Each structure stands twice: as C-alpha cells, then as structure tokens.
Amino acid sequence: MAFDAAQVVVSGGPSIPVTVLVVGQESTVATFMSLSPFQPPTVPQDVIEAQMKKLA
C-alpha cells in the first residue's frame, strides 16, 4: 500500500509532499517514508529490497 500526503512543518508554514509506502511480508510490516520539498518524493526500490531482505 502506498499513499501521498503533505506535511506542515510549522503551523501556517508551507506544506512538504510526503510519500508513505507500507509493505507486508508474512507477519512483518515495514513502513518507508520520503519527504522532499523540491521534487515528488519517492522511496528508492533498492532501499525497499535491501530492507525487506534484512527483515526476512
């Protein structure tokens, strides 16, 4: 599951785009989050694969 949202860092300040990716593998659930004020945030596939190998 993945979704996009916006984070407001300071009340009344600018919002920063956020991408959240939730991955389930058997009984393990991992959450990856990326924030970027300058470009659409993404979670690199190689990071996801490396972390899921560690959790397996």
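Is Val 23 buried or exposed, as judged by its relative accessible area? Val 23 has a relative accessible area of 19% and is therefore buried, where buried stands for under 20% relative accessible area, exposed for over 50%, and partly exposed for the range in between (1.4 Å probe, protein chains only).

The model is predicted, so that local features need a pLDDT of at least 70 and side-chain atom pairs count only at pLDDT 80 or more, while totals for chains, interfaces and linings use all residues. Residues are numbered from 1 along each chain as its sequence is written, and side-chain values use heavy atoms, with hydrogens and water left out.

The chain contains 1 helix and 3 strands, and along the sequence these follow the pattern β-β-β-α. Helices (H or I, at least four residues) and strands (E, at least two) are DSSP runs, numbered from the N terminus. The radius of gyration of the chain is 13 Å, well over the 10 Å that the globule rule gives for 56 residues, so the chain is more spread out than a compact globule. This radius is taken over C-alpha atoms, and the globule rule is 2.2 Å times the number of residues to the power 0.38. Along the principal axes, the C-alpha atoms fill a box of roughly 40 × 20 × 15 Å. Of the 56 residues, 25% count as buried.

The 3 strands form an open sheet in the order E1-E2-E3, with antiparallel pairing. Strand E1 (2–8) and strand E3 (28–35) stand at the edges with a single partner strand each, so one side of each is left without a neighbour in the sheet. Neighbouring strands of this sheet are turned by 25° against each other on average, direction ignored. In general, strands of a sheet pair through backbone hydrogen bonds, either parallel or antiparallel. Two strands are said to pair if DSSP finds at least two bridges between them; E1 and strand E2 (residues 15–25) pair in the antiparallel sense over 7 bridges. Ala 5 stands opposite Val 18 in E2.

Helix H1 (residues 45–55) lies across E2 and E3, and runs at about 155° to E3. Axes are lines fitted to C-alpha atoms, for helices over the stretch in contact, and angles run from 0 to 180 degrees between N-to-C directions. Contact means heavy atoms within 4.5 Å.

The opening residue can now be placed. Val 23 lies in strand E2. Not counting residues up to four places away in sequence, Val 23 touches Thr 28, Val 29, Ala 30, Phe 32, Ile 48 and Met 52.
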